[in-house]
Amino acid sequence: MAAQKAEGIILKKYFLRETSYILVVFTKEFGKVQGTIKGVRAPYPQFAGNFEIFAKCELLFYKKSKRPLDLITQCQLVDFFLPARKDIERLTYANYFIELINIVAADYDANVALYEALSKSLSNLREGLSARRTSRIFELKFLQALGLSPQMGFCVDCATPAEDNVFFRASSGGVICAACGGGRSQDEPASRGTVNFIKKIQETDIDKTRHIKVSRDVGEQTEKILKKFLKYHVDRPIKSLKFLEDLKKIPLPCYPHKLAGMTPLPL
Ligand SMILES: [Zn+2]
């Protein structure tokens with residue numbers, strides 16, 4: 001079979017014998033590709049950075065029809081997202097994106113919108129955009145690419161426009177008004193600002209979302225809503241999310257931004 005070319009982001013790597021790797025790559029053109037790449041580890045340390053998790057690369061590979069693993073013959077580094085690797089919060093969010101993509105992506109099932117959500121969110125982390133806002137935008141575009149966008153415009157029960165006094169119910173897939181029983185223990189309050197922020201992200205091309213501002217209250221409410229919604233749909237533990245929760249418990253003077261000599265970023 002002819003060699004295939006693809007642009008991709010590395011989701012996982014495994015050591016294979018002394019000089020080779022098995023790579024799991026989420027490609028724009030083919031979805032998830034899993035293959036072996038030979039003769040690139042010691043004594044060839046100059047290639048080491050090419051195969052790190054969330055590095056973007058250009059692949060050349062041969063699809064093996066009767067074997068579970070393809071043969072990758074080239075993996076050329078395109079973007080290492082270096083600044084995102086130098087800050088523990090950004091690094092953890094990047095790993096969180098990778099974990100989510102690895103759960104939902106399927107072999108040879110391309111999803112360009114999902115790929116763009118990942119690629120552009122990693123670029124936003126690299127360029128210094130608020131890590132938490134980048135994560136909210138990624139989560140919403142991730143859900144949208146999978147056809148799972150939460151319904152924010154109207155109450156999911158009575159179709160009344162969502163304005164004040166509404167709640168978000170993950171199991172119903174959107175907002176529910178107080179008149180329809182919103183406000184149960186499993187519901188999260190959704191202010192008008194939160195509803196509008198989520199709708200705005202859903203309606204805006206990801207390239208333009210980086211300019212959408214959000215208050216701390218709206219950011220925190222959106223985070224709680226999306227955490228519940230993702231847990232409902234992605235029903236498995238996310239290791240990096242647990243680590244992010246632990247990071248938040250570190251007292252401010254020890255917070256990693258301070259350690260790195262940086263000012264904590266606004267939400
Ligand atoms: Zn209602």
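Is strand 3 (residues 31-37) mostly covered or mostly open, and how many of its seven residues are buried? I began my notes with this, keeping in mind that I was looking at a predicted model.

**Entry on strand 3.** I looked up the burial of strand 3 and found that six of its seven residues are buried, so I wrote the strand down as mostly covered, buried meaning under 20% relative accessible area.

**Entry on its partners.** I then turned to the strands that pair with strand 3. Strand 2 (residues 20-27) runs antiparallel to strand 3, with seven bridges in the pairing, and the two form a hairpin in which three residues stand between them. On another side of my list is strand 5 (residues 70-79), which pairs with strand 3 in the parallel sense over three bridges. I followed Ile37 of strand 3 in particular: Tyr21 has Ile37 as its bridge partner, and Ile37 also stands opposite Ile72 in strand 5.

**Entry on the zinc ion.** I next looked up what holds the zinc ion, and noted the SG atoms of Cys155, Cys158, Cys177 and Cys180, coordinating at 2.3 Å. Along the chain these donors follow the spacing C-x2-C-x18-C-x2-C. Cys158 lies in the loop between helix 4 (131-145) and strand 6 (166-169), while Cys177 lies in strand 7 (residues 174-177), so this pair ties together parts that are 19 residues apart in sequence.

**Entry on geometry and cover.** I checked the angles that the four donor atoms subtend around the zinc ion, and because they run from 103 to 115°, I recorded the arrangement as tetrahedral. Lastly I compared two of the cysteines: Cys158 is partly exposed, with a relative accessible area of 35%, whereas Cys177, at 11% relative accessibility, counts as buried.

Note on methods: Residues are numbered from 1 along each chain as its sequence is written. This is a predicted model: local features need pLDDT of at least 70, side-chain atom pairs count only at pLDDT 80 or more; totals for chains, interfaces and linings use all residues. Side-chain values use heavy atoms; hydrogens and water are left out. Buried means under 20% relative accessible area, exposed over 50%, partly exposed in between (1.4 Å probe, protein chains only). Helices (H or I, at least four residues) and strands (E, at least two) are DSSP runs, numbered from the N terminus. Two strands pair if DSSP finds at least two bridges between them. Donors are N, O and S atoms within 2.8 Å of the metal (3.2 Å for Na, K and Ca); water is not among the atoms, so sites may look incomplete. Four donors count as tetrahedral if all angles lie between 85 and 135 degrees; four count as square planar and six as octahedral if opposite donors are over 155 degrees apart and all others between 65 and 115; anything else is irregular.
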